[in-house]
Amino acid sequence: MSDSTNPPKSQRHTALRISGHVLMRCLEALMLAWVVWFLVDVMLLAGSEDTGATSSSWMYFVKNGAWEFWEHLVLVNDSTVRGGAWWLVLACLALTCFLRYRKPLARVLEG
């Protein structure tokens, strides 16, 4: 292979680091959105009167809560519900990126 077809090693390293950062922030955003969704679901269900004993509510959370968020992201046919779930992920992505990169951004912006 010739050197003209392969990017320099530093470019590959930089691209790999950037793609790694992007992947990690996306995974963090998905997990944070899942936790937020689950906690809101717990609070809403805890306030409803049609739930039985606490143990049955907990079993509902365990059986359905883990899957419900992912179902709303992809499988629900209502585009408004699916869009709302993706907006939650986008908000969590903004939050995770801000928390991770706020100090480097402050150094760049402040000089």
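## Contacts and overall fold

Among contacts (heavy atoms within 4.5 Å) between residues at least 6 apart in sequence, 62% join residues at least 24 apart. This is a predicted model, in which local features need pLDDT of at least 70, side-chain atom pairs count only at pLDDT 80 or more, and totals for chains, interfaces and linings use all residues. Residues are numbered from 1 along each chain as its sequence is written, and side-chain values use heavy atoms, with hydrogens and water left out.

The protein has 3 helices and 0 strands, in the order α-α-α. Helices (H or I, at least four residues) and strands (E, at least two) are DSSP runs numbered from the N terminus.

## Burial and surface

Of the 111 residues, 16% count as buried, meaning under 20% relative accessible area. The protein exposes about 8,500 Å², of which carbon and sulfur atoms supply 68%; accessible areas come from the Shrake-Rupley method with a 1.4 Å probe, and for residues only the protein chains shown count as cover.

## Helix H3

Helix H3 spans residues 79–110 and bends by about 60° at Tyr 101, with Pro 104 following within four residues. The bend is the angle between axes fitted to the seven residues ending at a residue and the seven starting there. The buried residues of H3 are Ala 85, Val 89, Cys 92 and Thr 96.

Just after H3, Gly 111 takes a positive phi of about 105°.

Notes:
Buried < 20%, exposed > 50% of the residue type's maximum accessible area, 1.4 Å probe, protein only.
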